Amino acid sequence: MGIKLDGKKVAQKYQEEIRRFIKLKKDKGQKVPGMANILVGNDSGSIYYVNNQNKLCNKLGIDVRSIFLEENIHEDNLMNIIRKLNCDDEIDGIILQLPLPKHLNEAKITSEISYKKDIDGLSNLSTGKFYKKEKCHMPCTPKGIINLIKSTEFEIEGKYAVVIGRSNIVGKPIAQLLLNENATVTICHSKTKNLKQICKNADILVCAAGKPKFITKEYIKEGAFVIDVGTTMVDGKLTGDVCFEEVIEKASFVTPVPGGVGAMTTTMLMKNLCEELK
Ligand code: NAP
């Protein structure tokens, strides 16, 4: 029987560090980090995420400015808002909630964010620096995952890691972070053949497909470290990609949904905000 890895508990440790960092700044009379989050339109998932960010900012003593924009905003206007925030000394981090409405070019707009303020790590410059192992803000979910694994005694080096999913926001960057830790990594996707056989060999299995409960115990190697990134609403319940109850019988660690990876993501955003890039 494996261990249920409590993401909230691990996140709280990071939150304590951030709180201490902010307190020290205040005690020294220095400026506290300021964050701007931009929400275009009314996507319910994004509203939920912005509310969570704002709650955490308030809890940690971080200044936050929320900017709510009309769904039909013109691309030039949004670009101008970002350019102004890039030059605003009160703002150290900018996060643009994704997905954007269809008429807006996500890659172009996220790349307008100055890389020093790109705390979500999704601009072209941040992405280039990330893959070249240069100093930058890392995307928050992969950063949360790698820190979750490192919060345990589990050694990554030399292990065989399988990542299901190849998105720019989760699959590819977590594969890169595992590679940086000297794991041997395979990335799988919807066209992968023999997925079950590949997963069955994995010492570390990261599931980021967004397919509720499709990873059963037949996909799991005895003692594997299983990270469930998937979050899909099923009958009003947030559901992961992994059948938790049966997988934990075979795995050494499994992250639950909710309370696993998701609990780390917003905290990593705040951590990025506090890590100033020169
Ligand atoms: P995405 O862009 O939709 O990517 C999903 C990936 O899974 C794609 O690469 C897709 O392959 C692959 N895939 C889909 N079905 C598959 C199957 N049956 N077998 C193998 N691969 C399959 O999603 P995402 O943004 O990476 O997010 C993935 C999941 O994580 C979602 O549930 C999302 O809500 C969740 N998420 C959670 C957090 C958090 O903080 N907890 C953060 C971000 C995302 P193709 O490339 O071939 O289409």
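Which residues does UniProt give for the feature "domain: Tetrahydrofolate dehydrogenase/cyclohydrolase NAD(P)-binding"? The UniProt record (an unreviewed entry) puts that domain at residues 139-276; UniProt positions follow the numbering used here, feature names are shortened, and annotations may be inferred rather than shown by experiment.

Before you click around, know that this is a predicted model, where local features need pLDDT of at least 70, side-chain atom pairs count only at pLDDT 80 or more, and totals for chains, interfaces and linings use all residues. Residues are numbered from 1 along each chain as its sequence is written, and side-chain values use heavy atoms, with hydrogens and water left out.

**Stop 1: the domain**

Select residues 139-276. This stretch is 33% helix and 19% strand, and its end C-alpha atoms sit 15 Å apart. Helices (H or I, at least four residues) and strands (E, at least two) are DSSP runs, numbered from the N terminus.

**Stop 2: the ligand**

Zoom in on Ser-167: one of its polar side-chain atoms is 2.5 Å from a ligand oxygen. For Arg-166, an N or O atom of the side chain is 2.7 Å from an oxygen atom of the ligand. Over at Val-229, a polar backbone atom lies 3.4 Å from a ligand oxygen. A polar contact here is a pair of N or O atoms within 3.5 Å; within protein, one must be able to donate a hydrogen and the other to accept it, and residues adjacent in sequence count only if both atoms are side-chain atoms.

Under "binding site" (unreviewed entry), UniProt lists Gly-165, Arg-166, Ser-167 and Thr-231. Click on Gly-165, in the loop between strand S5 (160-164) and helix H7 (171-180). Is Gly-165 buried or exposed? Gly-165 counts as buried, because its relative accessibility is 11%. The cut-offs are these: buried means under 20% relative accessible area, exposed over 50%, partly exposed in between (1.4 Å probe, protein chains only). Setting aside neighbours within four places in sequence, Gly-165 contacts Gly-171, Lys-172, Ile-187, Cys-188 and Ala-208, where contact means heavy atoms within 4.5 Å.

Next, pick Thr-231, in the loop between strand S8 (225-228) and strand S9 (232-234). Thr-231 counts as exposed, at 51% relative accessibility. Residues up to four places away in sequence aside, Thr-231 touches Leu-238, Thr-239 and Val-257.

**Stop 3: a cis bond**

From Val-257, step along to Pro-258: a cis peptide bond joins the two, with omega about -5 degrees. Pro-258 is in the loop between strand S11 (253-254) and H10. For another cis bond, go to Leu-98 and Pro-99, where omega is about 5 degrees.

**Stop 4: helix H1**

Select residues 7-27. At 1.5 Å a residue, the 21 residues of helix H1 should span 30 Å, and its end C-alpha atoms are 30 Å apart, which agrees (the expected span is 1.5 Å times one less than the number of residues).

Colour the buried residues of H1: Gly-7, Val-10, Ala-11, Tyr-14, Gln-15, Ile-18, Ile-22 and Lys-25. They cover an arc of only 140 degrees around the axis, which puts them on the same side of H1; the arc is that of the directions from the helix axis to the C-beta atoms. An α-helix has 3.6 residues a turn, so residues three or four places apart point the same way.

What covers that buried set includes helix H2 (44-60), helix H6 (140-150) and helix H10 (261-274).

Beyond four places in sequence, Gln-15 touches Leu-56, Lys-59, Leu-60 and Thr-267. At the start of H1, a side-chain oxygen of Asp-6 reaches to within 3.0 Å of the backbone nitrogen of Lys-8. After H1 comes Gly-29, with a positive phi near 75 degrees.

**Stop 5: Ser-126**

Finish in helix H5 (residues 124-131), which holds Ser-126. Ser-126 counts as buried, at 0% relative accessibility. Its side chain makes a polar contact of 3.0 Å with the side chain of Ser-123.
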